[in-house]
Amino acid sequence: LVSVWLLTWPSESPVTSAVALSLRASATDPDRGPSPLRYSVSYRAAAGSPARPTWLTLNSATGSLVGTAPQGSGGDGWTVTVGVSDGLGRASRSFKL
């Protein structure tokens, strides 16, 4: 059985230097099994931005993305894709950071 997923995430979050960022993905698994949900993340950099925000960390068990952008990173941007899986089904959603 492939699960049906609902992944909620903000549509856009601005990057501001020296300001803490804390976002959390939320997904539901209607059949609740066979394994706990695991989150993953990938990035696509906007022109002129580093390949990925090295200051941002994903907790793969909770879906939390946290970090503080260093000075000079305001204006950097990425398309962030967060995925979630229970081992049988997978869903993903993207937003701009």
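An open sheet of 3 strands runs in the order S2-S6-S5 with antiparallel pairing, where strands are DSSP runs (E, at least two residues; helices are H or I, at least four) numbered from the N terminus, and two strands pair if DSSP finds at least two bridges between them. This is a predicted model, in which local features need pLDDT of at least 70 and side-chain atom pairs count only at pLDDT 80 or more, while totals for chains, interfaces and linings use all residues. Residues are numbered from 1 along each chain as its sequence is written, and side-chain values use heavy atoms, with hydrogens and water left out.

User: Over how many bridges do S2 and strand S6 pair?

Analyst: Strands of a sheet pair through backbone hydrogen bonds, either parallel or antiparallel. Here S2 and strand S6 (residues 64-68) pair in the antiparallel sense, and Leu21 has Gly67 in S6 as its bridge partner. The pairing of S2 and S6 runs over 5 bridges.

User: Is Trp55 buried or exposed?

Analyst: Trp55 is found in the loop between strand S4 (38-45) and strand S5 (56-58). Accessibility is judged with a 1.4 Å probe on protein chains only, where buried means under 20% relative accessible area, exposed means over 50%, and partly exposed lies in between. Because Trp55 has 16% relative accessibility, Trp55 counts as buried.

User: Which residue forms an aromatic pair with Trp55?

Analyst: Rings of Phe, Tyr and Trp (its six-membered ring) pair if their centres lie within 6.5 Å, with planes under 30 degrees apart counted as stacked, over 60 as edge-to-face and the rest as tilted. By this rule the count comes to 1 aromatic pair. This pair is edge-to-face, at 6.3 Å centre to centre and 65 degrees between the planes, and it links distant parts of the chain, 23 residues apart. The partner of Trp55 is Trp78.

User: To which backbone atom does the side chain of Thr62 reach?

Analyst: Thr62 has its place in the loop between S5 and S6, and its 28% relative accessibility is why it counts as partly exposed. Leaving aside neighbours within four places in sequence, Thr62 is in contact (heavy atoms within 4.5 Å) with Arg24, Ala25 and Tyr39. At 3.3 Å, the side chain of Thr62 reaches the backbone nitrogen of Ser64.

User: Where is Ser85 placed?

Analyst: The side chain of Ser85 reaches the backbone nitrogen of Gly87 at 3.0 Å and the backbone oxygen of Gly89 at 3.1 Å. The place of Ser85 is in strand S7 (residues 78-85).

Notes. A polar contact is a pair of N or O atoms within 3.5 Å; within protein, one must be able to donate a hydrogen and the other to accept it, and residues adjacent in sequence count only if both atoms are side-chain atoms.
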